[in-house]
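Subject: The structure you asked about

Hi,

My notes on what turned up follow below.

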Amino acid sequence: MSEPRPISPADRTTAPFWDATTQRRLVIQRCDACDAYQHYPRSFCIACEANDPPFVEASGRASIVSFSIVHRAPHPAFEAPYAVALVRLDEGPTLLTNIVTGDLDAIRCDQRVTLIWEELPDGRALPLFTPEGT
Ligand code: ZN
């Protein structure tokens, strides 16, 4: 990549997520009141509206719900072609990410994927996924 990806700064709600990425830990919220998981981070539970659901570590295993192969990069940080995908974590929530593989044509919906990390210049990291067994 010729320059870093544009990444939003952490705020009060997303800081625990970003802090965990500095240790290469993927965390999602799990509500103490109703046990619902959610991602992206929010200041309340989307199932029962309890405030500030705590973060727990996710397994890092997921399945592809949908994906698209991008052939024209929208920003110099992205090198086309690449795969953008919505994956469903084994805990339930979905996460928008990239599938990193040498064979973009082999990506399929329902394919099992596992977590890998892309380091960012500031010490944080992005959770990306790669097909299981590769
Ligand atoms: Zn809840």
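Let's start at the metal: the site of the zinc ion is tetrahedral, with angles of 105 to 114° among its 4 donor atoms. For four donors, that label requires all angles to lie between 85 and 135 degrees. The protein donors are the SG atoms of C31, C34, C45 and C48, lying 2.3 Å from the zinc ion. Donors here are N, O and S atoms within 2.8 Å of the metal (3.2 Å for Na, K and Ca), and as water is not among the atoms, sites may look incomplete. Along the chain, the donors of the zinc ion are spaced C-x2-C-x10-C-x2-C.

Before going further, a word on the source: this is a predicted model, where local features need pLDDT of at least 70 and side-chain atom pairs count only at pLDDT 80 or more, while totals for chains, interfaces and linings use all residues. Residues are numbered from 1 along each chain as its sequence is written, and side-chain values use heavy atoms, with hydrogens and water left out.

Is C31 buried or exposed? C31 is buried, because its relative accessible area is 3%, and buried means under 20% (exposed is over 50%, partly exposed in between, with a 1.4 Å probe and protein chains only). C34 has 31% relative accessibility, so it counts as partly exposed.

Now the overall build. The protein has 1 helix and 8 strands, in the order α-β-β-β-β-β-β-β-β from the N terminus on. The radius of gyration is 15 Å, close to the 14 Å that the globule rule gives for 134 residues, so the protein is as compact as a globular protein of that length. Helices (H or I, at least four residues) and strands (E, at least two) are DSSP runs, numbered from the N terminus. The radius is taken over C-alpha atoms, and the globule rule is 2.2 Å times the number of residues to the power 0.38. The C-alpha trace spans about 45 × 30 × 25 Å along its principal axes, and 37% of the 134 residues are buried.

On to the inside. The largest nonpolar core has 22 residues, of which L26, V87, L89, I99, V113 and F129 touch the most other members. The elements giving two or more residues to this core are α1 (15-21), β1 (27-30), β4 (61-70), β5 (82-89), β6 (94-99) and β8 (125-131). β5 gives the most, with 4 residues. A nonpolar core is a set of buried Ala, Val, Leu, Ile, Met, Phe, Trp, Tyr and Cys residues joined through side-chain atoms within 4.5 Å. V87 is in contact (heavy atoms within 4.5 Å) with residues including I64, V65, L95, I99, V113 and F129, leaving aside its neighbours within four places in sequence.

β8 deserves a look in the viewer. In β8, 7 of its 7 residues are buried. A125, P127, F129 and P131 lie on one side, with L126, L128 and T130 on the other, so that both faces are covered. β8 pairs with β7 (residues 112-119) in the antiparallel sense over 7 bridges, where pairing takes at least two DSSP bridges between two strands. T114 has T130 as its bridge partner in β8. β7 and β8 form a hairpin with 5 residues between them, and G123 in the turn has a positive phi of about 100°.

There is also an open sheet of 3 strands with the order β2-β1-β3 and antiparallel pairing. Its edge strands, β2 (37-38) and β3 (55-57), each pair on one side only. β1 and β2 are joined by 2 bridges, and Q29 stands opposite Q38 in β2.

- H39 and Y40 are joined by a cis peptide bond, with omega of about 15°. H39 lies in the loop between β2 and β3 and counts as buried at 17% relative accessibility.
- A80 and P81 are also joined by a cis peptide bond, with omega of about 0°; P81 is in the loop between β4 and β5.
- R24, in the loop between α1 and β1, has a positive phi of about 55° although it is not a glycine.
- D35, in the loop between β1 and β2, has a positive phi of about 70° and is not a glycine either.

Cheers

Notes:
Tetrahedral: all angles 85-135°; square planar, octahedral: opposite > 155°, others 65-115°.
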